[in-house]
Amino acid sequence: MMASQVVKPDTRNCKRPRELEIFLHFVSNLSTIAVGFLSVMVRWISVLKKYVESTRQKKAIFSKQERLPCIAPLVTTVEETPQIVSACVRGHFPQWLRGYLLRVGPGKFEFGKDKYNHWFDGMALLHQFRMEKGTVTYRSKFLQSDTYKANSVHDRIVISEFGTLAVPDPCKNVFERFLSKFELPAITDNTNVNYVQYKGDYYLSTETNFMNKVDIKTLEKTEKVDWRKFIAVNGATAHPHYDADGTAYNMGNSYGSHGSCYNVIRVPPEKVDLGETIHGAQVICSIASAEGMRPSYYHSFGMTRKYIIFIEQPLKMNLWKVVTSKIRGKSFADGISWEPQYNTRFHVVDKHTGQLLPGMYYSKPFVTFHQINAFEDQGCVVIDLCCQDDGRSLEVYQLQNLRKVGEGLDQVYNSVGRSFPRRFVLPLHVSLNDPEGQNLSPLSYSSASAVKQADGKIWCSYENLHPEGLEDEGDLERRWLLPLGTCVCSCTRNQ
Ligand SMILES: [Fe+2]
């Protein structure tokens with residue numbers, strides 16, 4: 001429209017050279033194009049202006065979210081509700097939905113004057129939501145673990161937890177208190193991390209050698225089980241995987257003169273006798289840690305139909321520090337450190353034969369607490385993980401941090417390593433003849449790569465499973481919960 005307003009030179013009464021005509025024509029066209037461009041720009045300016053304004057508004061909204069609501073009630077001691085009560089239902093529960101929703105998490109954070117320090121330390125509170133005929137009932141009970149009972153009797157913390165060191169009995173004299181530092185620390189059976197199943201029975205699990213079997217109808221503990229009585233492990237994760245027939249797979253560490261090993265455990269699905277627990281459990285594969293006295297900390301592992309995937313990450317447990325924690329007056333958590341000078345390594349085990357595959361898969365350092373999914377395709381294992389590039393989040397989850405308000409909480413919030421979903425592809429059949437420097441992944445749908453290096457190692461680069469820009473966005477739920485995933489989701493619901 002504006003282009004029609006351009007005044008073109010009048011050529012009716014003068015004779016111009018051909019070159020001049022061409023030049024004037026060119027200028028005329030140029031003017032038309034320029035004016036056209038300007039007209040488009042004018043229209044787009046208003047659009048751009050609106051976009052910038054909306055971006056400003058978006059940032060303004062985001063910065064408002066930085067004024068985080070206090071989450072202290074989620075990490076505060078609550079009363080148990082042992083008698084069944086009707087739950088307040090919002091929305092509609094289908095009539096056909098019938099069963100229990102079970103959750104466990106920390107629900108008591110002090111005994112007498114003693115207070116726990118870390119989110120993971122609180123006493124296990126069992127939650128039961130029962131759904132039947134469109135109604136929901138609720139009850140909760142504190143797990144009557146030996147730890148809970150001992151703390152209650154003494155009205156102080158007598159058994160150490162992940163982030164809290166139990167101090168010597170103040171009633172002892174100075175000499176007795178000094179000597180008690182050299183006693184082997186009692187291991188907690190405060191199994192507050194997850195419900196797990198073995199042979200159809202329900203157990204509460206943490207990451208020590210103890211589990212507590214529970215009756216899910218009454219929420220009462222029925223038996224305490226010690227992994228060490230069945231197999232040579234010092235504990236097991238709270239996140240086993242299951243085959244369709246009920247066979248359970250888990251992983252646990254063992255420490256000895258040989259150094260430390262990561263062990264793959266298999267528990268059969270059926271009971272020979274009614275009263276048995278994890279009888280028949282076997283270690284089917286032992287993986288030597290890269291450093292004998294400094295194995296990696298891990299919270300879970302991956303599994304496909306045929307394989308176990310273990311991720312040896314540079315979140316190291318210094319066993320010397322752990323063993324001497326009582327003498328040094330430090331908690332177990334003090335022995336864990338993020339060491340990004342090391343890469344993260346994937347180990348793949350054939351879960352049917354127990355054979356560790358020879359492939360040496362590495363990636364840049366990251367930490368993962370929970371897997372999202374794992375499967376096999378075209379000769380590869382594909383594994384999706386919640387990944388953090390900064391592995392110091394365990395330090396941040398001190399209760400004193402989580403109970404902050406205002407700017408203090410904002411600072412804590414911003415210091416938590418963000419967690420993102422990422423996909424890795426591990427080609428299973430790598431041979432000496434495979435070319436170096438080429439991506440060995442045949443998967444056209446994934447940009448994750450696996451490149452063979454000169455030293456035979458496979459360097460794995462991930463594919464982001466999230467939209468671009470997610471790094472710059474965020475909200476309270478995602479940042480707090482994704483780093484630890486479902487585990488924290490269950491742990492936080494203590495009210
Ligand atoms: Fe977990």
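Which backbone nitrogen does the side chain of T237 reach? Select T237 and you'll find its side chain at 3.1 Å from the backbone nitrogen of H239. That is a polar contact (a pair of N or O atoms within 3.5 Å; within protein, one must be able to donate a hydrogen and the other to accept it, and residues adjacent in sequence count only if both atoms are side-chain atoms).

Before moving on, some housekeeping: this is a predicted model, with local features needing pLDDT of at least 70 and side-chain atom pairs counting only at pLDDT 80 or more, while totals for chains, interfaces and linings use all residues. Residues are numbered from 1 along each chain as its sequence is written, and side-chain values use heavy atoms, with hydrogens and water left out.

Stay on T237. It sits in the loop between β10 (220-226) and β11 (241-242); helices (H or I, at least four residues) and strands (E, at least two) are DSSP runs, numbered from the N terminus. T237 counts as buried because its relative accessibility is 4%; buried means under 20% relative accessible area, exposed over 50%, partly exposed in between (1.4 Å probe, protein chains only). Show its contacts (heavy atoms within 4.5 Å): leaving out residues up to four places away in sequence, T237 touches S205, T206, E207, N250, M251, Y298, H299 and F301.

Next, jump to T77, in the loop between α1 (18-65) and β1 (81-86). Buried or partly exposed? T77 counts as partly exposed, because its relative accessibility is 27%. Now look at the T77 side chain, which has a polar atom 2.8 Å from the backbone nitrogen of F109 and makes a polar contact with the side chain of E110 at 2.4 Å.

Center on I383 and you'll see it touching, among others, I309, I311, F346 and F424.
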